[in-house]
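This report describes selected features of one protein chain. The sequence and structure are shown below.

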Amino acid sequence: MEETGIFCTYCTRSPVPAVRTCLQCEISMCHKHLGAHNKTVDHILTEPTRSFGYKKCSLHKKVLEYYCPQDAACVCAFCCLVGDHRGHQVELLDEASEKKKKKLEKYLDEGNLQKAEIQSRVQNLQDRQRNIQEKTSDKRKNVRKLFMDIKEQLEMAEKKALSEISRQEEKIVSQISDLVKKLEIEEDELSRKMHHVEEMCHVTDPIRLLQEGDITVCGHGDDEDTGGDGGEGRSEDDLDEVLISLTLHRSMRDIVTNVTSELGLHVPNMLLDEDTANEYVEISEDRKTATGTEEEEHGRPISPGRFLDYPQVLSRCGLSSGRHYWEVEWNQKTTCAIGLSYPSIDKDGDLSAAGDNNKSWCLILEDAEYSVLHDSVRETLHSMPTCPTLVVFLDYEAGRLSFYQLCDPIRHLHTFTATFSEPLHVLLYVEEEAFVTILS
């Protein structure tokens with residue numbers, strides 16, 4: 001009470017802390033004077049205060065004793081009897097205050113629940129953030145290690161190629177040096193013979209000249225090959241560039257194989273199955289390209305697995321495990337679709353089109369936009385086709401099928417998630433003039 005600084009109005013000689021304040025009398029009292037006051041009147045008492053204005057009716061200047069729930073206002077007795085709140089159902093301030101406290105307590109309980117939920121979500125997000133940071137840190141380490149391995153393999157490949165070049169150089173230079181030495185010997189022998197011939201040319205005695213044996217000069221063609229190509233094929237004194245190229249190619253192939261193995265990726269050799277191709281789909285000789293045609297493809301044997309109503313084709317082999325990726329290219333004409341499908345997809349009927357059933361997942365390619373389709377649910381993507389090459393990625397066990405646009409940088413287009421239950425075959429849909437090629 002001393003901290004409030006409010007003292008008894010009647011104790012004028014020495015200040016005594018007030019314990020209550022009378023709103024009607026607008027005085028504060030100590031214990032002594034409070035007892036005398038309560039014996040004479042029945043007024044409303046409150047905690048010690050100097051502010052009386054907000055506790056009195058602004059219209060009637062009377063103490064606020066009631067609460068009107070209808071108007072959400074504290075009112076005096078005159079407001080209830082003759083004022084604007086006449087006839088309203090009012091409550092005593094203490095009762096209304098208790099009700100308000102219960103509401104506030106309920107709000108606090110609900111707020112605490114919401115706060116706990118928010119804190120839980122924040123904690124989950126922070127856990128996810130730490131998890132992502134740990135994963136990215138691990139991924140950075142793995143990528144750095146991968147590139148260190150690649151650099152080592154490239155250095156080894158460089159050494160192999162340079163070693164092969166040096167080996168060929170040493171062999172050819174040695175052969176040439178041997179030929180040069182041989183030719184120098186022949187040159188010396190030829191010079192000696194020519195010198196003897198010159199001497200004979202100056203002999204005046206015919207008998208001596210005629211008795212001298214004949215001198216034979218060997219022609220160059222009678223000796224071993226000294227550097228010509230000898231007719232067809234590569235010259236023996238030339239670099240075997242094919243062998244050097246094969247050495248480099250094998251090294252690069254081994255590096256790519258090691259990288260894909262480290263990444264856990266497999267690049268399948270996808271070939272199209274002509275027995276499933278619709279009559280208006282032309283299949284290339286290498287079974288890699290499907291083209292939409294205006295005329296029917298005749299001469300194909302009757303096949304129960306052939307698509308009858310839509311220009312589509314499946315691949316021969318299916319994928320039932322592992323992580324795979326391959327590239328496709330389309331000519332950006334008319335409409336086509338790429339995706340994966342179960343082999344049990346209907347081959348005729350309205351629900352046999354790519355994506356119009358629960359057995360196929362497709363990315364639809366059009367001039368102005370991309371869209372995805374599965375189980376007849378189509379979603380337009382907010383990405384413009386900017387390049388003709390795309391990547392398809394499948395993680396069978398994880399149930400993930402993703403499409404990427406192979407521009408620079410590579411851009412993610414869409415990911416399907418599902419629990420796959422059958423082998424997945426490549427599914428291509430090509431309208432007239434459109435074609436899709438499986439690049440790898």
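## Packing of helix 3 and helix 5

In this predicted model, helix 3 passes helix 5 in a right-handed crossing. Helix 3 covers residues 93–201, and its axis lies 9 Å from that of helix 5, at an angle of about 165°. Angles over 145 degrees count as roughly antiparallel, and helix 3 and helix 5 are therefore roughly antiparallel to each other.

On the helix 3 side, the contact is made by L146, I150, Q153, L154, A157, K160, A161, E164, I165, R167 and Q168. Helix 5 contributes L243, I244, T247, L248, S251, M252, D254, I255, N258, V259, E262 and L263. Sorted by class, the residues in this contact are 13 nonpolar, five polar and five charged.

Is N278 buried or exposed? Its relative accessible area is 3%; the cut-off for buried is under 20%, so N278 is buried.

Three strands make up an open sheet with antiparallel pairing, in the order 2-1-3. Strand 2 (27–29) and strand 3 (45–46) are the edge strands, each pairing on one side only.

Strand 1 (residues 20–22) runs antiparallel to strand 2 and is joined to it by three bridges. Within this pairing, R20 stands opposite M29 of strand 2.

Terms used:
Residues numbered from 1 in each chain as written. Predicted model: local features only at pLDDT ≥ 70, side-chain atom pairs only at ≥ 80, totals over all residues. Heavy atoms only, no water. Pairing = 2+ DSSP bridges. Helix = DSSP H or I, 4+ residues; strand = E, 2+ residues; numbered from the N terminus. Buried < 20%, exposed > 50% of the residue type's maximum accessible area, 1.4 Å probe, protein only. Axes fitted to C-alpha atoms, helices over the stretch in contact; angles between N-to-C directions. Parallel < 35°, antiparallel > 145°, perpendicular 65-115°, else oblique. Left-handed = near helix turned anticlockwise from the far one by under 90°. Contact = heavy atoms within 4.5 Å. Nonpolar A, V, L, I, M, F, W, Y, C, P; charged D, E, K, R; others polar.
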